[in-house]
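Keep the structure in view while reading.

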Amino acid sequence: FGDGNTSTLQNPSHSYATFGLYNVCLTVTDTCGGQHTKCESISVCPPFLPVSLGSDVTACASTVISLPGYSTYSWSNGATTAQITVNSGGEYSVVVSDAAGCSGTDTVNVTINPLPVVSLGNDVSQCGGTVLLDAQNVGNTFFWNNNATTQTINAALSGTYTVTVTDGLGCTNTDDIAVSILPVPSAALGNDQDICQASISLSVVLTP
């Protein structure tokens with residue numbers, strides 16, 4: 001029977017102590033004393049193979065569902081791998097089988113929360129002054145790469161500013177913007193002059 005037990009009955013019955021794949025062989029002795037053997041693999045399976053996808057899942061944007069350790073997989077979304085990436089909410093089920101051919105199934109509900117939409121707008125270049133950067137009212141917390149934690153900041157220096165926004169569901173998203181603050185040139189015409197002639201030549205000296 002493949003588990004160490006044998007029988008000499010023509011139509012025996014046998015109970016297996018454990019589930020698994022067994023190699024069962026039948027040896028028949030004919031009237032001339034010749035022996036003929038035929039073997040076949042059989043699967044001894046529980047009513048349902050224990051399978052667990054875990055608790056229902058809530059994630060931001062997407063999540064990975066993994067169920068390693070089985071031979072074959074058939075997911076409700078058509079996948080046949082041990083791991084799937086879920087981008088939309090809903091009910092996901094899988095039917096699996098092990099090396100013995102035993103099968104089982106389980107289902108998990110997935111909720112996908114969207115990421116907050118963060119937009120700082122187009123890159124900015126201006127002469128002098130400061131640039132007001134607004135992450136918009138799309139989250140509960142804000143964190144800028146200059147360590148500011150407010151929705152808006154005033155950018156006085158050139159550089160790239162990045163903000164990370166976290167909403168009330170714990171989902172985060174980022175955006176960045178390049179700011180160029182150009183120096184304002186100063187113009188100098190020189191000292192005041194008194195002249196006794198009809199005209200005077202003036203030149204402007206610009207300094208960056």
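A pocket here is an open set of grid points where a 1.4 Å probe fits, with protein on both sides within 12 Å along at least five of seven lines. Its volume is the space filled by probe spheres set on those points. Rolling a probe the size of a water molecule over the atoms shows where empty space is left. The model is a predicted one.

Start with the largest pocket. Its volume is about 470 Å³. The lining consists of 18 residues. Nearest the centre of the pocket lie Phe1, Pro12, Val24, Cys25 and Leu26. Two elements give two or more residues each to this lining: strand S1 (20–29) and strand S2 (35–44). Strand S1 gives the most, with four residues.

Now step back to the whole chain. The protein has 16 strands and zero helices. Its radius of gyration is 38 Å, while the globule rule gives 17 Å for 208 residues, so the protein is more spread out than a compact globule. Of the 208 residues, 25% are buried. Among contacts with a separation of 6 or more, 42% join residues 24 or more positions apart.

Is alanine 100 buried or exposed? Its relative accessible area is 8%, and the cut-off for buried is under 20%, so alanine 100 is buried. Which residues does alanine 100 contact, leaving aside neighbours within four places in sequence? They are Gly20, Leu21 and Ser43. Glycine 20 is 80 residues away along the chain, yet its C-alpha atom is separated from that of alanine 100 by 5.4 Å.

The next stop is aspartate 167. Its loop runs between strand S13 (159–166) and strand S14 (172–182). At 14% relative accessibility, aspartate 167 falls under the 20% cut-off and therefore counts as buried. Not counting residues up to four places away in sequence, aspartate 167 touches Pro114, Pro116, Val138, Gly139 and Asn140. Proline 116 is 51 residues apart from aspartate 167 along the chain, and their C-alpha atoms are separated by 6.5 Å. The side chain of aspartate 167 also reaches the backbone nitrogen of cysteine 171, at 2.9 Å.

Finish with backbone angles. Most residues other than glycine have a negative phi. Alanine 61 has a positive phi, near 70°. It lies in the loop between strand S3 (57–60) and strand S4 (63–66). Its relative accessibility is 31%, between the cut-offs of 20% and 50%, so alanine 61 counts as partly exposed.

Glutamine 136 also has a positive phi, near 65°. Where does glutamine 136 lie? Its place is in the loop between strand S10 (131–134) and strand S11 (141–144). With a relative accessible area of 38%, glutamine 136 is partly exposed.

Key
Residues are numbered from 1 along each chain as its sequence is written. Side-chain values use heavy atoms; hydrogens and water are left out. Buried means under 20% relative accessible area, exposed over 50%, partly exposed in between (1.4 Å probe, protein chains only). Contact means heavy atoms within 4.5 Å. A polar contact is a pair of N or O atoms within 3.5 Å; within protein, one must be able to donate a hydrogen and the other to accept it, and residues adjacent in sequence count only if both atoms are side-chain atoms. On a 1 Å grid over the protein atoms alone, a cavity is a set of points where a 1.4 Å probe fits but cannot get out, and a pocket is an open set with protein on both sides within 12 Å along at least five of seven lines; lining residues have an atom within 4 Å of a point. The radius of gyration is taken over C-alpha atoms; the globule rule is 2.2 Å times the number of residues to the power 0.38.
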